[in-house]
Amino acid sequence: MALQTPFFGKREPEAFGVRTNLAQAQTLAQRPQPLATPSVADTVDIPVETAAGQPTAKATGSTLTVGPNIKLKGVEITDCDTLVVEGTVEATMDSRLMQITAAGAFKGSAEIDIAEIHGAFDGELTVRDKLVIYATGKVTGKVRYGKLVIEEGGQLSGEIAFGTAKTAPAKAALQAIAA
């Protein structure tokens with residue numbers, strides 16, 4: 001039975017239903033014990049390879065996950081490093097990374113560094129760095145991108161332009177000077 005210190009004290013864990021005989025206890029005591037369990041800070045992030053053979057982007061910082069069967073509508077998402085869409089989102093956002101799963105859908109306006117689309121995106125999408133559309137992904141609307149990867153089966157339709165909105169005025173200014 002565990003001993004309890006006064007109110008809100010730490011309780012010692014109880015071992016329920018664990019019975020060992022003396023020989024088993026001695027054998028367990030003789031085994032070398034691990035020095036320490038690894039903490040989260042000790043783990044190494046290894047990117048997972050996708051079907052296209054390219055590593056997925058790592059989710060770091062503040063993350064918002066909209067789970068399956070969840071509908072998030074009429075919001076502006078700010079100060080979010082990573083948005084993971086497993087349900088439905090109708091919003092405006094500016095973020096670092098957006099991942100839309102196969103069952104996920106995003107409708108609205110988004111400015112993203114990296115976008116990984118397995119599901120559906122409809123609206124205005126500006127991807128400053130890299131847009132990846134997987135085989136199950138479908139992107140429609142006004143799309144601007146820095147780099148583009150489309151897996152076989154992925155769909156992209158609408159007004160599509162290379163270069164983000166921030167680089168487009170600079171290119172236009174250079175063309176005006178050259179003319």
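Reader: How many salt bridges does the count come to here?
Author: The count comes to 3 salt bridges. Keep in mind that this is a predicted model.

Reader: OK, what does Asp94 form a salt bridge with?
Author: Asp94 forms one with Arg128, and the closest N and O atoms are 3.1 Å apart. That pair links distant parts of the chain, since Asp94 is in strand S3 (residues 88–100) while Arg128 is in strand S5, 34 residues apart.

Reader: How accessible are Asp94 and Arg128?
Author: Asp94 counts as partly exposed, at 42% relative accessibility. Arg128 is partly exposed too, with a relative accessible area of 25%.

Reader: Which salt bridge do Arg128 and Glu111 make, I mean at what N to O distance?
Author: Their side chains meet at 3.6 Å, N to O. Arg128 lies in strand S5 and Glu111 in strand S4, so this pair ties together parts that are 17 residues apart in sequence. Glu111 is partly exposed, at a relative accessible area of 33%.

Reader: And Asp113, how far apart are the closest N and O atoms in its salt bridge with Arg128?
Author: For Arg128 and Asp113 they are 2.6 Å apart. Asp113 is partly exposed, with a relative accessible area of 27%.

Reader: So which residues end up joined into one network?
Author: Asp94, Glu111, Asp113 and Arg128, through salt bridges that share partners.

Reader: Switching to the strands. In what sense do S4 and S5 pair, and over how many bridges?
Author: S4 and S5 pair in the parallel sense, over 12 bridges. As a landmark, Ala110 stands opposite Leu125 in S5.

Reader: What about S5 and S6, how do they pair?
Author: S5 and S6 pair in the parallel sense over 12 bridges.

Reader: Now aromatics. How many aromatic pairs does a search of the whole structure find?
Author: The search finds 2 aromatic pairs. One of them is Phe106 with Phe121: the ring centres are 5.2 Å apart and the planes are at 5°, so the pair is stacked. Phe106 lies in strand S4 (residues 105–117) and Phe121 in strand S5 (residues 120–133), so the pair ties together parts that are 15 residues apart in sequence.

Reader: Is Phe106 buried or exposed, and is Phe121 buried or exposed?
Author: Phe106 is buried, with a relative accessible area of 2%. Phe121 is buried as well, with a relative accessible area of 1%.

Reader: And the rings of Tyr145 and Phe162, how far apart are their centres and at what angle are their planes?
Author: The centres are 5.9 Å apart and the planes are at 70°, so that pair is edge-to-face. Tyr145 belongs to strand S6 (residues 138–150) and Phe162 to strand S7 (residues 155–162), so to speak distant parts of the chain linked across 17 residues.

Reader: Buried or exposed: what's Tyr145, and what's Phe162?
Author: Tyr145 counts as buried, at 15% relative accessibility. Phe162 is exposed, with a relative accessible area of 55%.

Reader: Last topic, backbone. What is phi of Asn69 near?
Author: Phi of Asn69 is near 65°, a positive value in a residue other than glycine. For context, most residues other than glycine have a negative phi.

Reader: Where is Asn69 found?
Author: Asn69 is in the loop between strand S1 (63–66) and strand S2 (71–85). Asn69 is exposed, with a relative accessible area of 80%.

Reader: And Asp79, what's its phi, and where is Asp79 found?
Author: Asp79 has a positive phi of about 55°, although it is not a glycine. Asp79 is found in strand S2. With a relative accessible area of 73%, Asp79 is exposed.

Terms used:
Residues are numbered from 1 along each chain as its sequence is written. Side-chain values use heavy atoms; hydrogens and water are left out. Rings of Phe, Tyr and Trp (its six-membered ring) pair if their centres lie within 6.5 Å; planes under 30 degrees apart count as stacked, over 60 as edge-to-face and the rest as tilted. Helices (H or I, at least four residues) and strands (E, at least two) are DSSP runs, numbered from the N terminus. Buried means under 20% relative accessible area, exposed over 50%, partly exposed in between (1.4 Å probe, protein chains only). Two strands pair if DSSP finds at least two bridges between them. A salt bridge is a side-chain nitrogen of Lys or Arg within 4 Å of a carboxyl oxygen of Asp or Glu.
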